[in-house]
Amino acid sequence: MSGGLDGFVAFGFRNVAENVEGRVTHTEAYDGKPSLRIRQDEHWNDRLLDAAANTVQSFLAETGVGVDELAVVVGSQPTPSFLRSLVERIGLPPERAAALDLGGKDPFTSATPLGFAKIRGEKSVAPGTLGLIVEAGSGMQVACALYQF
C-alpha cells in the first residue's frame, strides 16, 4: 500500500441496530448552559467492544490486510481500557494502542485527533506503515479506516 504519500487507504462501517437503545445521548440545557446527557445500560461497553472487535476483523479480512501489518490503532476510548482491550482482542500487543491517559474521562470525538497528536509527537510510527482508526459509539455504530503514515 506504500505509494510515498500518507493518508487514508480504506474505510468500513457497521451498524448494530439491536443495540440502539443501549446508549442514548442528547444535548440539553443545564444551569443555562448546553450539556450532554448520556443514558447507558450496564452492558453497553462490553457490547461496544464486541462490535468493534468483530467489525475490525471483518474490515481487515475485506481489505486483505493482516493484523500484523498494523503499526498502531487509534480511536474511541469510552473507557480507559477500551482501546487496549480492542487491540488485544484483535491479536496485537497493548502497546500498539495509541491509548490516552485522561484520568478516566471519555474524550468523545477528540480521541482520534488526540491519538494522532500523541503518535506524531512520540514519532512512534515509521513512514509507510499502516495504522487503523476505529470509532465506536452510540447507535451502535463502528467505523474503521486504514491510514498510511
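**Close-up views of a predicted model**

**View 1. The buried residues of helix 3.** In helix 3 (residues 111-122), the residues Ala111, Thr112, Gly115, Phe116 and Ile119 are buried, where buried means under 20% relative accessible area, exposed means over 50% and partly exposed lies in between, all for a 1.4 Å probe and protein chains only. An α-helix has 3.6 residues a turn, so residues three or four places apart point the same way. The buried residues of helix 3 pack against strand 4, strand 5 and strand 6. Helices (H or I, at least four residues) and strands (E, at least two) are DSSP runs, numbered from the N terminus. This is a predicted model, in which local features need pLDDT of at least 70 and side-chain atom pairs count only at pLDDT 80 or more, whereas totals for chains, interfaces and linings use all residues. Residues are numbered from 1 along each chain as its sequence is written, and side-chain values use heavy atoms, with hydrogens and water left out.

View 2. Ala111 lies in helix 3 and counts as buried because its relative accessibility is 0%. When neighbours within four places in sequence are set aside, Ala111 is in contact (heavy atoms within 4.5 Å) with Gly75, Ser76, Gln77 and Leu100. Ala111 and Ser76 are 35 residues apart in sequence, yet their C-alpha atoms are 5.6 Å apart in space. Thr112, also found in helix 3, counts as buried at 13% relative accessibility. With its neighbours within four places in sequence left aside, Thr112 is in contact with Val74, Gly75, Ile133 and Glu135.

View 3. Most residues other than glycine have a negative phi, and most peptide bonds are trans. Lys123, which follows helix 3, is not a glycine but has a positive phi of about 50°. Lys123 is placed in the loop between helix 3 and strand 5, and with a relative accessible area of 70% Lys123 is exposed. Asp31, found in the loop between strand 2 and strand 3 (33-40), also has a positive phi, of about 55°, although it is not a glycine. The relative accessible area of Asp31 is 67%, so Asp31 is exposed.

**View 4. Helix 2 and what covers it.** The buried residues of helix 2 (residues 82-89) are Phe82, Leu83, Leu86 and Val87. They cover an arc of only 130° around the axis, which puts them on the same side of helix 2. Among the elements that cover these buried residues are helix 1 (44-63), strand 4 (70-75) and strand 5 (130-137). Just after helix 2 comes Gly91, with a positive phi of about 100°.

**View 5. Helix 1 from end to end.** Helix 1 has 20 residues, which at 1.5 Å a residue should span 28 Å, and this agrees with its end C-alpha atoms, which are 28 Å apart; the expected span is 1.5 Å times one less than the number of residues. The buried residues of helix 1 include Trp44, Leu48, Leu49, Phe59 and Leu60. Just after helix 1, Gly64 takes a positive phi of about 75°.

**View 6. Ala10 in strand 1.** Ala10 has its place in strand 1, and its relative accessible area of 16% means that Ala10 is buried. Apart from neighbours within four places in sequence, Ala10 is in contact with Phe59, Thr63, Cys144, Ala145 and Leu146.

View 7. The largest pocket has a volume of about 370 Å³. On a 1 Å grid over the protein atoms alone, a pocket is an open set of points with protein on both sides within 12 Å along at least five of seven lines, and lining residues have an atom within 4 Å of a point. Grid points are joined across faces, edges and corners, and the volume is the space filled by probe spheres set on the points. The largest pocket is lined by 21 residues, of which Ser76, Glu135, Ala136, Gly137 and Ser138 lie nearest its centre. Strand 1 (7-15), strand 2 (23-30), helix 1, strand 5 and strand 6 (141-148) each supply at least two residues of this lining.

Key:
The arc is that of the directions from the helix axis to the C-beta atoms. On a 1 Å grid over the protein atoms alone, a cavity is a set of points where a 1.4 Å probe fits but cannot get out, and a pocket is an open set with protein on both sides within 12 Å along at least five of seven lines; lining residues have an atom within 4 Å of a point.
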